Structures are given as C-alpha cells and as structure tokens.
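Please keep the sequence and the structure in view while reading.

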Amino acid sequence: MRRVFMPTPLLILSCFGASWVLADSLAAPVNVSIRDLKGSSAVVTWDIPDGEPVIGFAITQQKKDVRMLRFIQEVNTTTRSCALWDLEADTDYIVHVQSISINGPSPLSEPLHFKTPREAETQASKSKDEVTMEEVGQNAQLRAGELIIIVVVLIMWAGVIALFCRQYDIIKDNEPNNNKDKAKNSSECSTPEHPSGGLLRSKV
C-alpha cells in the first residue's frame with residue numbers, strides 16, 4: 001500500500017519561516033555616498049557585501065523635515081549607482097538604499113544626508129570648468145604648433161645635409177679627372193731637350 005505524506009501546518013510554517021530568515025539575512029548596502037552633486041541633480045552610489053544574492057535596489061529620497069518621500073526601485077540589474085533628479089537648490093535631503101533579492105528587500109542602509117548647492121555656486125563651478133577646458137585646449141594648440149615648427153626645422157636641416165653630401169660626392173668624383181687633364185697638358189708642353197717643358201731661347 002502506497003503512503004501519501006501530507007505536510008503538517010507546523011512544517012508549512014517552518015518553510016515560511018526559513019524564507020523570511022533568508023530575506024532578513026540580506027545585508028544592507030554600505031559605503032553610501034553622493035557624487036556629481038549639482039543644484040538640481042546628484043548621483044548616489046553604494047557597495048554590496050560580497051556573496052549577497054542581489055537582483056536590484058530600492059532608494060528612498062526625502063527632504064529634511066518633510067514627510068513626503070520619493071521611492072525609486074529597479075530590478076534585474078547589477079548597477080551600484082542611481083541618478084537623483086528634480087532636486088531643489090540649497091535644500092537638505094536624506095537618502096536610504098536597500099538591496100533587493102528574490103526573497104525581498106534588505107534593511108535600510110545608514111541615512112545619507114546631503115545638501116544641494118545654490119544655483120550661483122553651480123554656475124561658478126561650471127564657468128571654472130569651462131575656463132579650465134579652454135586653457136587645456138589653448139595649451140594643446142600651442143604644443144601642436146611647437147611640434148610642427150620643430151618638425152619643419154628638422155626637415156630643412158636634413159635637406160641641407162643631404163645637399164651638402166651630394167655636392168661633396170660630385171666634387172670628389174671630379175678630382176681624378178682634373179689630375180688627368182693636368183698631367184696631359186704638362187706632357188704636351190715638354191720637349192726632348194727640355195723635359196720640364198718650354199722652348200729654349202737663344203741670346204743675340
């Protein structure tokens with residue numbers, strides 16, 4: 001006779017309990033920080049402890065002393081950053097981050113407090129960055145011009161040296177021919193009586 005095992009309520013309860021324990025054991029994100037802070041936007045970043053089965057994240061954004069919350073959630077991702085938008089300048093904010101697994105979310109991270117800069121400070125920082133980029137561009141142009149001048153001078157010197165070597169070779173090749181011509185002329189001007197050349201004049 002075949003027996004059929006029926007789970008008891010205690011066993012079912014214990015299974016649910018194991019699932020909840022697994023969800024509760026998921027560690028909260030660490031090293032939560034803010035970068036690229038501007039008057040109307042920012043980027044929040046965080047780290048996940050090694051070995052955590054994370055499939056997404058959830059972020060709660062809240063103005064200081066205001067109960068209204070903004071909730072951002074994304075799953076099927078391994079990213080460790082999220083952009084915050086539509087922020088108000090010169091305003092204090094509080095951000096919490098949660099990791100999400102297949103069994104549920106982790107506890108909230110430690111609260112991160114930050115304050116957006118004023119619009120004037122943002123514009124000043126932007127202008128400073130633009131000036132810096134202009135200076136970098138000008139320096140790059142100057143360096144490129146100097147390199148071009150150096151290359152042109154080197155090419156000119158190489159041409160002068162090549163021309164000098166060519167003229168030297170031509171002169172060197174012509175020297176044996178000149179010596180032969182001189183020897184030929186001296187032999188034609190010489191006589192048997194006067195091998196050294198010339199005619200004998202008689203005195204009257």
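Strand S1 and strand S2 (residues 42–47) pair in the antiparallel sense over 4 bridges; two strands count as paired if DSSP finds at least two bridges between them. The model is a predicted one, in which local features need pLDDT of at least 70 and side-chain atom pairs count only at pLDDT 80 or more, while totals for chains, interfaces and linings use all residues. Residues are numbered from 1 along each chain as its sequence is written, and side-chain values use heavy atoms, with hydrogens and water left out. Helices (H or I, at least four residues) and strands (E, at least two) are DSSP runs, numbered from the N terminus.

**The open sheet**

- An open sheet of 3 strands has the order S1-S2-S5, and its pairing is antiparallel.
- Strand S1 (30–35) and strand S5 (81–84) stand at the edges with a single partner strand each, so one side of each is left without a neighbour in the sheet.
- Neighbouring strands of this sheet are turned by 20° against each other on average, direction ignored; the axes are lines fitted to C-alpha atoms, for helices over the stretch in contact, and angles run from 0 to 180 degrees between N-to-C directions.

**Strand S6 and its partners**

- Of the 10 residues of S6, 9 are buried, so this strand is largely enclosed by the rest of the structure; buried means under 20% relative accessible area, exposed over 50%, and partly exposed in between (1.4 Å probe, protein chains only).
- S3 and S6 pair in the antiparallel sense over 8 bridges, and the bridge partner of alanine 58 in S6 is glutamine 98.
- Strand S6 (residues 92–101) also pairs with S8 in the antiparallel sense, over 4 bridges.
- In S8, lysine 115 stands opposite aspartate 92, and histidine 113 stands opposite isoleucine 94.
- A hairpin joins S6 to S7 through 2 residues; S6 and strand S7 (residues 104–105) pair in the antiparallel sense over 2 bridges, with glycine 104 in S7 as the bridge partner of serine 101.

**Aromatic pairs**

- The structure holds 2 aromatic pairs; rings of Phe, Tyr and Trp (its six-membered ring) pair if their centres lie within 6.5 Å, and planes under 30 degrees apart count as stacked, over 60 as edge-to-face and the rest as tilted.
- The rings of tryptophan 46 and phenylalanine 57 have centres 5.0 Å apart and planes at 55°, so this pair is tilted.
- Tryptophan 46 lies in strand S2 and phenylalanine 57 in strand S3 (residues 56–63), so the pair ties together parts that are 11 residues apart in sequence.
- Both tryptophan 46 and phenylalanine 57 are buried.
- Tyrosine 93 and phenylalanine 114 form a stacked pair, 5.6 Å centre to centre with 20° between the planes.
- Tyrosine 93 belongs to strand S6 and phenylalanine 114 to strand S8, so this pair ties together parts that are 21 residues apart in sequence.
- Both tyrosine 93 and phenylalanine 114 are buried.
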